[in-house]
Amino acid sequence: MNLDQNSVPETANAPVATTGAPRAPEIPLPEDALVLVPVRNLVLFPGMILPVTIGREMSVAAAQYAVKNDRPVGLILQRDPAVDVPRPQDLHAVGTVAQILRYVTTPDGTHHIVCQGQERYRIREILGGHPFLVARVERHREEEEVTKELEAQLFQLRERAGEALELLPQTPQELVHAVKGFKSPGPLADLVAGFMDITPAEKQAVLETLDVPARVNNVLGLLAHRIEVLKLSREIDERTKATMDERQREYVLREQMRQIQKELGEGEGAGKELTELAGAIEQAGMPEDVAAHAKKELKRLERMPEASAEYSMARTYLDWLIELPWSKTSDTPIDIAQARRILDEDHFGLDKVKRRILEFLAVRKLNPEGHGPILCFVGPPGVGKTSLGQSIARALGRKFVRVALGGVHDEAEIRGHRRTYIGALPGNIIQSIKKAGSRDCVMMLDEIDKVGASVHHGDPSSALLEVLDPEQNKAFRDNYLGVTFDLSRILFITTANMLDTIPGPLRDRMEIIPLPGYTEEEKLEIAKRYLVRRQLAANGLAPDQAELTDAALKSIVRDYTREAGVRNLEREIGSALRNVAARIAEGTAAAARIDAPDLAAILGPARFEAEAALRTALPGVATGLAWTPVGGDILFVEASRTSGAGKLILTGQLGDVMKESAQAALTLVKSRAPSLAIADNFDKSDIHVHVPAGAIPKDGPSAGVAMFMALASLLTGRTVRSDTAMTGEISLRGLVLPVGGIKEKVLAAMRAGIATVMLPARNRKDLADVPEAARTGLQFVWLETVDDAVRHALAQAEPTARPENASVAEST
């Protein structure tokens, strides 16, 4: 795209010349017409001389015509510099009539004209039929009437302009004398606006101000602002120069000192240090390109004075390059039998997870150079995700490092900061590799689902795409290092509590291995094998000083914790053992044995109880199952009927999906009123559905069956079985639709003492993922329609037991 350009004003007149100018055809124009040359980012004032570079065909044709026919041109500023072919509405209304003093065509084909501004003009009419813009204009010739106010403005403008010129570097004295010699305020205002560093829009505003006093006031305002800027700029320059002079003085003195020390034989320490760095670079095992880069940085370091700030930054950078394990590996062969033994020693249960890990290790053993999948352990807190990674590292005989990603919102945490920043460091990936001291370590990226993003600091999730992609991480580039590092030998393992917050492209690079949680029997075994022993050591107790019976451990699991993992279980065991440690330290006991009845005095009253029977003792009760990021749980929904106008009231911080489920459930109950023997007039009653724990937001489609059963129980007067929990989405036709999180919900029902679980029939395939203990310990009812739920969960009606208000409970 050809663009008109502008350059520095010319201060001397020159004769007209047309060296190398192409010839333009003769085009007859009216005598009162003016040839227009649109320009970008340039405003010519009357009396000024400016060189202009033209490139557009219509501008070249206009200039050639004006030179050939000795006619002036009208320079006019475009409103939008990006427009290549301006239309009349793209031009300002006021421009400057200019005489072309010189036309030059350079050898590269560029056209230049030197123009002298003559007077202002205003466009009245654009004339068509020409290869360039032509317009009828109204010229404005200034006739100043000198008044005392104008004389005062002229004096003020001369003084302020002189002050500005003094602040400018290398100001020509001719320009200073010219400003002081002006006798007319209008032309002086044009001159000052022309040489002042202001925007084209501000210059155009001055050009369009035809009233001289107003124009002078406008220029005085702009000039005052520029003077303040120039003063501040000069102060900054003076401070910088003083600082540079001081640094140069220090450099000269230190160089003299270095030469003196060299003559005295005292400057050998720095040379010895640089020699050691050169030897360390050779021994670091760097790739050729990295070694060449390090040697280049070392040569730069040799030329720097030791006291300079850049010396320490360059030395730190070289230390990072040298200390990274470019070629160091563990070289430990993979023993599958030993890996199986270590996994069994460190973890109880998790048979499917262990089997997948052993398969993963077997493939690594048979194909060490292959690119296996990135394992991602997904599950609630406390189920052993991090300890599984540690066990894998121990089974492989490799170093284990953990990178915490929770709350990371800066891309530089992954890729590092550029060395131009003070205090820059490599990213967490490179830092962890240096800490491990091996390029084939096991690196766990913990809490990958909690990575944030920032508008100003980039997206760490996008940076992790390169880290976890086997096709890209062979040449991972950290911003601080500035060279590539091979991450392909590192065994990456990630952990997350939930998948929903992990971006799709990042999730696509990982193989998801779910860890849903433990049954009560598994928690008991984990406590006996690992937790009690660990807490005994943590509290300084010997195994013969404290004992927790199986009954006590069962009571802690059932009455004091209700979680998918074992983190709170370990805390409660630690609390019980600390009580024993306190008694032994006081000398009141030499050893202690804690049984189930002793827990109330140590841990307080039981925190959890089987409340399903208490909640569902009245008509209108349904116990539902919910999935949460920390595992499954049971929730209760309470419903009440009062006199009213047929409204449905929903409370308990329900989300939009749950609200729609409640409305669908009520519609479904109304449609099945005859089959359910409901004779109520719905138009005269209000139905209130409430989900307790109102401070906790709840949402999801899984509550449809429970809400339907709650409303059916309320309106029929038949209670829902207290040992039954349910989940499933419903349709208006009464179908029970499948939902997710079956494994977590079934385990939650088992923890809560539920005996029967009602699930959608289309979720029958998910029962294979449920632990064997839960499959054998619970009774499952498979629902095709809500009629199946009514048959299995509603008790027979009691004619006299139909309260007006009943509370109903359930979940998402």
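Tutor: Below we take a few labels and check each against its definition.

Tutor: This is a predicted model, where local features need pLDDT of at least 70, side-chain atom pairs count only at pLDDT 80 or more, and totals for chains, interfaces and linings use all residues. Residues are numbered from 1 along each chain as its sequence is written, and side-chain values use heavy atoms, with hydrogens and water left out.

Student: Okay, why is Leu91 called buried?

Tutor: Buried means under 20% relative accessible area, exposed means over 50%, and partly exposed is in between (1.4 Å probe, protein chains only). Leu91 has 4% relative accessibility, so it counts as buried. You'll find Leu91 in the loop between E5 and strand E6 (94-105); helices (H or I, at least four residues) and strands (E, at least two) are DSSP runs, numbered from the N terminus.

Student: What is Leu91 in contact with, leaving aside its neighbours within four places in sequence?

Tutor: Contact means heavy atoms within 4.5 Å. With those neighbours left out, Leu91 is in contact with Pro38, Ile76, Leu77, Gln78, Arg79, Pro86 and Leu133. Asp344, on the other hand, is 81 Å from Leu91, C-alpha to C-alpha, and 253 residues apart from it in sequence.

Student: And Asp70, buried or exposed?

Tutor: Its relative accessibility is 61%, so Asp70 counts as exposed. Asp70 sits in the loop between helix H1 (57-68) and strand E5 (73-77). Its phi is near 50 degrees, a positive value in a residue other than glycine.

Student: What makes Asn41 partly exposed?

Tutor: Its relative accessible area is 42%, so Asn41 goes in the partly exposed class. Asn41 also has a positive phi, about 55 degrees, although it is not a glycine. Look for Asn41 in the loop between strand E3 (33-39) and strand E4 (49-54).

Student: Which class does Glu138 belong to, then?

Tutor: Glu138 has a relative accessible area of 39%, so partly exposed is the label. Glu138 is part of strand E8 (residues 134-140). Beyond four places in sequence, its contacts are Arg120, Tyr121, Arg122 and Arg124. The C-alpha atoms of Glu138 and Glu125 are separated by 9.7 Å, with the two residues 13 apart along the chain.

Student: How do you know that Thr561 is buried?

Tutor: Thr561 has a relative accessible area of 4%, so the buried label applies. Thr561 lies in the loop between helix H18 (550-560) and helix H19 (567-586). Setting aside residues within four places in sequence, Thr561 is in contact with Ile556, Asn568, Leu569, Glu572 and Phe608.

Student: What is the largest nonpolar core made of?

Tutor: A nonpolar core is a set of buried Ala, Val, Leu, Ile, Met, Phe, Trp, Tyr and Cys residues joined through side-chain atoms within 4.5 Å. The largest one here has 68 residues, and Leu75 and Phe132 have the most contacts inside it. Its largest share, 8 residues, comes from helix H6 (residues 212-264). Another core lies apart from it, with 53 residues, among them Trp326, Val403, Leu405 and Phe492.

Student: Last one: which residues make the contact between H11 and H12?

Tutor: First the geometry: the axes of helix H11 (residues 351-366) and helix H12 (residues 385-396) come within 12 Å and cross at roughly 40 degrees. Axes are lines fitted to C-alpha atoms, for helices over the stretch in contact, with angles from 0 to 180 degrees between N-to-C directions. H11 contributes Val353, Ile357 and Leu361, and H12 contributes Leu388, Ile392 and Leu396.
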